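Here's a quick briefing to read with the structure open beside you. Take it one topic at a time and look up each residue as you go.

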Amino acid sequence: MTPESQVQAIITANPELMHILELIRDCHLKQGALAAGSIRNTVWQVLSGQPVALLSDIDVVFFDPERPASDDLKIHAHLTELAPQYQWQVKNEVYMAHYNFPDAPEFTSVADAIGHFIEVPTCIGAYLDEDGETVRLIAPHGVADLVHFRCRPIPFYQQDAQHLALFRQRMAAKQWQKTWPRLVVSES
């Protein structure tokens with residue numbers, strides 16, 4: 001089994017994640033996907049033999065230059081009405097390129113945006129294919145780090161001390177190694 005098929009199998013076997021993917025699909029968002037922590041954490045829980053539970057918010061990302069940023073709130077409200085048990089976070093990634101650095105280049109797609117999340121194992125997204133059942137991954141840096149419990153900053157956050165400081169702050173705040181002792185954190 002490849003790392004990619006392993007991650008797809010973990011997602012597919014989780015009824016809660018599949019339901020979330022269906023809700024996202026039904027929103028008909030351009031390049032809409034589930035991203036980041038809910039996938040990362042689920043993979044680490046399964047591979048660690050831990051009980052699977054959604055530990056973080058549900059990150060819904062999409063890329064639609066024709067929608068105003070204010071639509072994020074409307075989509076959030078809609079998803080909250082459908083599934084109030086989740087903490088939804090909805091972001092049109094068109095508007096997120098300058099979140100940490102004002103001089104960062106504009107994102108060109110949802111995959112480009114996901115590829116700019118701070119650490120490699122968080123750079124993961126998933127969506128349901130046109131058939132509505134097949135899970136497709138968005139993994140600009142691959143999934144090897146994710147399935148092998150490696151956490152390092154993406155190259156963009158390795159470029160200088162200012163960028164690396166954000167990675168360090170995030171690692172200090174998250175304390176993931178306490179939950180997943182197999183996780184190896186490195187700066188390169």
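A salt bridge here is a side-chain nitrogen of Lys or Arg within 4 Å of a carboxyl oxygen of Asp or Glu. Lys and Arg count as positive and Asp and Glu as negative, while His and the chain ends are not counted. Buried means under 20% relative accessible area, exposed means over 50%, and partly exposed is in between (1.4 Å probe, protein chains only).

This is a predicted model, so local features need pLDDT of at least 70 and side-chain atom pairs count only at pLDDT 80 or more, while totals for chains, interfaces and linings use all residues. Residues are numbered from 1 along each chain as its sequence is written, and side-chain values use heavy atoms, with hydrogens and water left out.

**A buried charge**

- E93 is buried yet has no salt bridge, and K91, the nearest side chain of opposite charge, is 7.8 Å away.
- You'll find E93 in the loop between β3 (88-92) and α5 (110-114); helices (H or I, at least four residues) and strands (E, at least two) are DSSP runs, numbered from the N terminus.
- Leaving aside neighbours within four places in sequence, E93 is in contact (heavy atoms within 4.5 Å) with V61, F62, F63, F107, V110, A113 and F117.

**Salt bridges**

- The count comes to 11 salt bridges.
- One of them joins the side chains of K30 and E66 at 3.6 Å, N to O.
- K30 sits in the loop between α2 and β1 and E66 in the loop between β2 and α4 (71-82), so this pair ties together parts that are 36 residues apart in sequence.
- K30 counts as partly exposed at 40% relative accessibility, while E66 counts as exposed at 67%.
- K30 and E66 also belong to a network of salt bridges with D64.
- D71 and K74 meet in a salt bridge too (3.4 Å, N to O); they are three residues apart in helix α4, which means about one helical turn separates them.
- D71 is buried, with a relative accessible area of 9%, but K74 counts as exposed at 57%.
- D129 and R136 pair up at 2.7 Å, N to O, with D129 buried at 14% relative accessibility and R136 partly exposed at 34%.

**The nonpolar core**

- A nonpolar core is a set of buried Ala, Val, Leu, Ile, Met, Phe, Trp, Tyr and Cys residues joined through side-chain atoms within 4.5 Å.
- The largest one has 60 residues, and I11 and W88 touch the most other members.
- Helix α2 (residues 15-26) gives the most to this core, with six residues.

**Two positive phi angles**

- A36 is not a glycine, yet has a positive phi of about 70°.
- A36 lies in the loop between β1 (33-35) and α3, and counts as buried because its relative accessibility is 7%.
- Q175 is also a residue other than glycine with a positive phi, near 55°.
- Q175 lies in the loop between α7 and α8, and is partly exposed, with a relative accessible area of 33%.
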